[in-house]
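Reader: I'd like to learn how to read a fold from its strands and helices. Could you walk me through one?

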Amino acid sequence: MEAFFRTHAYLVEHTNAPVRRGLMDEINWNDRLIGIKGTRGVGKTTFLLQYAKENFRCDDRQCLYINMNNFYFQGRGIADFAGEFYRTGGRVLLIDQVFKQPTWSSELRKCYDLYPALKIVFTGSSVMRLKEENPELNQIVKSYNLRGFSFREFINLMTGNDFKPYTLSEIINNHDRIIKQVLPKVSPNRYFQDYLHHGFYPFFQEHRNYSENLLKTMNMMTEVDILLIKQIELKYLTKIKKLFYQLALDGPKAPNVSQLANYIETSRATVMNYIKYLADARLINMIYPVGQVFPKKPSKVMMHNTNLMYAIYPIKVERQNVMETFFVNSLWKDHKVNQSTHENFYTIDETMRMKVCDAQSTAKTRNTSDVIYADYNTEVGAGYRHIPLWLFGFLY
């Protein structure tokens with residue numbers, strides 16, 4: 001136990017989170033069992049340590065961070081360890097990568113039942129289905145999702161500003177006022193392309209080649225997050241990777257499931273399951289027409305975020321595709337995004353029609369009266385229906 005406390009104190013003392021994540025204020029920290037899900041590389045470990053740093057002294061033994069990667073836990077269960085921690089005065093246990101212990105869900109349930117004054121906050125992969133696949137936790141766990149940096153968080157980090165997030169309603173109805181508060185302090189266009197290329201994953205701050213680091217992260221998403229958690233045999237890994245690469249090459253469009261099934265030599269049903277796993281891992285987004293969901297075929301499959309598009313070689317990155325990927329990913333957190341096969345606009349929350357356009361374009365389709373336009377190649381809006389695309393990066 002002493003070794004864990006020493007590691008905890010060192011990690012907390014040396015944690016540096018220059019941008020405070022908005023999720024920190026969305027969580028009800030009074031709950032006893034809190035799950036933080038997120039794709040690999042978005043900063044879940046830093047998030048846990050930042051919580052500890054904000055609420056406890058480094059040497060306060062009421063709080064302890066542990067990582068299930070430690071081989072120690074191959075021979076000791078979470079509940080047994082938590083009991084020892086609890087009996088020595090521990091009250092907040094932060095567990096990183098909880099899924100690395102096979103019986104984690106039943107162990108957490110045991111902790112919840114045995115130690116009523118103990119709070120557990122744990123992190124897990126976005127692939128995990130905390131409540132659906134773990135009925136013993138269904139009524140007791142509160143689940144949250146940590147995402148990569150928004151464009152707002154990226155700008156705050158790069159410029160030292162403290163811009164706050166806005167709701168979609170605020171952006172649509174008050175974008176002129178919001179823009180007037182932002183533009184005197186920073187030029188969004190100066191940072192937008194950098195964000196699209198390398199700003200989503202916090203590890204861009206590390207002194208390593210970002211694209212190579214992202215490729216390693218993407219491989220870990222398939223090799224660990226999908227195979228381990230979904231309990232898929234290793235021999236099928238190549239098929240999943242081939243499918244993902246082909247979807248990336250095809251660009252944002254409806255997948256041809258029959259062709260993909262022939263390409264990776266499997267059934268159509270398996271292709272759809274693999275596509276769902278890739279979406280769960282936050283490698284792709286599946287867009288459906290209003291009223292349709294998996295297991296139906298999506299009307300469009302696109303990369304989850306723009307950084308992934310630039311990391312996969314050799315893809316010809318089309319600017320319109322990049323901008324639409326940014327738009328969908330920005331809205332995905334709190335809003336429902338749909339699109340039919342034959343429509344060139346998105347339906348948001350089943351009621352609002354929106355379209356991503358080049359502000360320099362003079363296409364007549366821009367005059368549709370019930371569509372709100374997210375315009376790129378501009379920093380300012382134009383009336384009620386034309387909003388600069390970058391501003392949707394301030395949604396969280």
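Author: Gladly, and let's begin with pairing: two strands pair if DSSP finds at least two bridges between them. Helices (H or I, at least four residues) and strands (E, at least two) are DSSP runs, numbered from the N terminus. Here V92 stands opposite K119 in β4. This is a predicted model, where local features need pLDDT of at least 70 and side-chain atom pairs count only at pLDDT 80 or more, while totals for chains, interfaces and linings use all residues. Residues are numbered from 1 along each chain as its sequence is written, and side-chain values use heavy atoms, leaving out hydrogens and water.

Reader: In what order do the strands of the open sheet lie?

Author: The order is β2-β3-β4-β1-β5, five strands with parallel pairing. At the edges are β2 and β5 (142–145), each pairing on one side only. From one strand to the next, the twist averages 20 degrees; such angles run from 0 to 180 degrees between N-to-C directions, with axes as lines fitted to C-alpha atoms, for helices over the stretch in contact.

Reader: How many bridges link β2 and β3?

Author: Five, in the parallel sense, between β2 (residues 63–67) and β3 (residues 92–96). C63 stands opposite V92 in β3. On to β4 (residues 119–125), β3 pairs over four bridges, again parallel.

Reader: Is Q97 buried or exposed?

Author: Buried means under 20% relative accessible area, exposed over 50%, partly exposed in between (1.4 Å probe, protein chains only). Q97 has 16% relative accessibility, so it counts as buried. Its place is in the loop between β3 and α5 (104–114). Contact means heavy atoms within 4.5 Å; leaving aside neighbours within four places in sequence, Q97 touches R40, N67, M68, N69 and T123. In β2, four of the five residues are buried.

Reader: How should I read helix packing?

Author: Two packed helices are described by the angle between their axes and the distance between the axes. Helices α6 (residues 151–159) and α8 (residues 188–198) pack at about 110 degrees, with axes 10 Å apart. Angles under 35 degrees count as roughly parallel, over 145 as roughly antiparallel, 65 to 115 as roughly perpendicular and the rest as oblique. α6 and α8 are therefore roughly perpendicular to each other. The residues in contact include F151 and F154 of α6 and P188 and Y191 of α8.

Reader: What about α1 and α3?

Author: The axes of α1 (residues 2–13) and α3 (residues 44–55) come within 9 Å and cross at roughly 90 degrees. H8, L11, V12 and E13 in α1 meet L49, A52 and K53 in α3.
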